[in-house]
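Here is a short report on one protein chain. Keep the sequence and the 3D view side by side as you read.

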Amino acid sequence: MRKAIIIFMSAALLTGATALTSSAVARDRSERTKLSANQMADRADARTAKMKVDLNLTADQEKNWSGFASAMEDFGKKQGDRRIAMRGARAQLQGKFDVLDEMRKSADAQIERSNDRKKLADAAQPLYTSLNDEQKQRFAESMIFGGDQDRETY
């Protein structure tokens, strides 16, 4: 009997802690400042500019930068537009939720993001090919982690 009570109490504490954590996360999300599409694009542009500085391009490599930078700008704008659209769609749900419709929308969004990534990779190819090994490492870190990671750990 004593073991049953202990197990019940442990489960109740765990469930309560999970509920508190979930509500704290929801509250944190609602209190966050929602960025506009332009603000998101500005952040992406700043990240691209930082990437260029971090790469320390040669004059020959510089020739390949503009195509990549343009593709990054397009990618950032599309990403911002998608986030704003998702925010609006969530606000319109008002408790209505069709799981199959959401699965279809999610699949369509994944296809769209995949196509955008392919375009970005194609635009990056000439620049990436011209980089030395150290620059390629910095390029990868910037693309994957935003360039904020400690380079020696990767």
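## Ala37 and its partners

Leaving out neighbours within four places in sequence, Ala37 is in contact with Gly80, Asp81 and Ile84. Contact means heavy atoms within 4.5 Å. Ala37 lies in helix H2. Along the sequence, Ala37 and Ile84 are 47 residues apart, yet their C-alpha atoms are 6.5 Å apart in space. Ala37 and Arg83 are 46 residues apart along the chain, with 7.9 Å between their C-alpha atoms.

Buried means under 20% relative accessible area, exposed means over 50%, and partly exposed lies in between (1.4 Å probe, protein chains only). Arg83 sits in helix H4 (residues 65-93). Arg83 is partly exposed too, at 44% relative accessibility.

## Ground rules

This is a predicted model: local features need pLDDT of at least 70 and side-chain atom pairs count only at pLDDT 80 or more, while totals for chains, interfaces and linings use all residues. Residues are numbered from 1 along each chain as its sequence is written, and side-chain values use heavy atoms, with hydrogens and water left out.

## The whole chain

The chain has six helices and zero strands. From the N terminus, its elements run α-α-α-α-α-α. Helices (H or I, at least four residues) and strands (E, at least two) are DSSP runs, numbered from the N terminus.

The chain has 154 residues, and 20% of them count as buried. It exposes about 11,600 Å², of which carbon and sulfur atoms supply 56%. Such areas come from the Shrake-Rupley method with a 1.4 Å probe; for residues, only the protein chains shown count as cover. Now take contacts between residues at least 6 apart in sequence: 74% of them join residues at least 24 apart.

## H2 against H4

Two packed helices are described by the angle between their axes and the distance between the axes. The axes of H2 (residues 37-55) and H4 come within 8 Å and cross at roughly 150°. Axes are lines fitted to C-alpha atoms, for helices over the stretch in contact, and angles run from 0 to 180 degrees between N-to-C directions. H2 and H4 are therefore roughly antiparallel. Angles under 35 degrees count as roughly parallel, over 145 as roughly antiparallel, 65 to 115 as roughly perpendicular and the rest as oblique.

Which residues meet here? In H2 they include Ala37, Met40, Ala44 and Leu55, and in H4 they include Trp65, Phe68, Arg83 and Ile84. By class, this contact of H2 with H4 has ten nonpolar, three polar and six charged residues. Ala, Val, Leu, Ile, Met, Phe, Trp, Tyr, Cys and Pro count as nonpolar, Asp, Glu, Lys and Arg as charged, and the others, Gly among them, as polar.

## H5 against H6

H5 (residues 99-130) and H6 (residues 133-145) pack at about 160°, with their axes 12 Å apart. That angle makes H5 roughly antiparallel to H6.

Leu120, Ala124, Leu127 and Tyr128 in H5 meet Lys136, Phe139 and Met143 in H6. The residues of this contact of H5 with H6 divide into six nonpolar, no polar and one charged.

## A loop residue

Asn56 is found in the loop between H2 and H3 (59-62). Its phi is near 50°, a positive value in a residue other than glycine. Asn56 counts as exposed because its relative accessibility is 58%.
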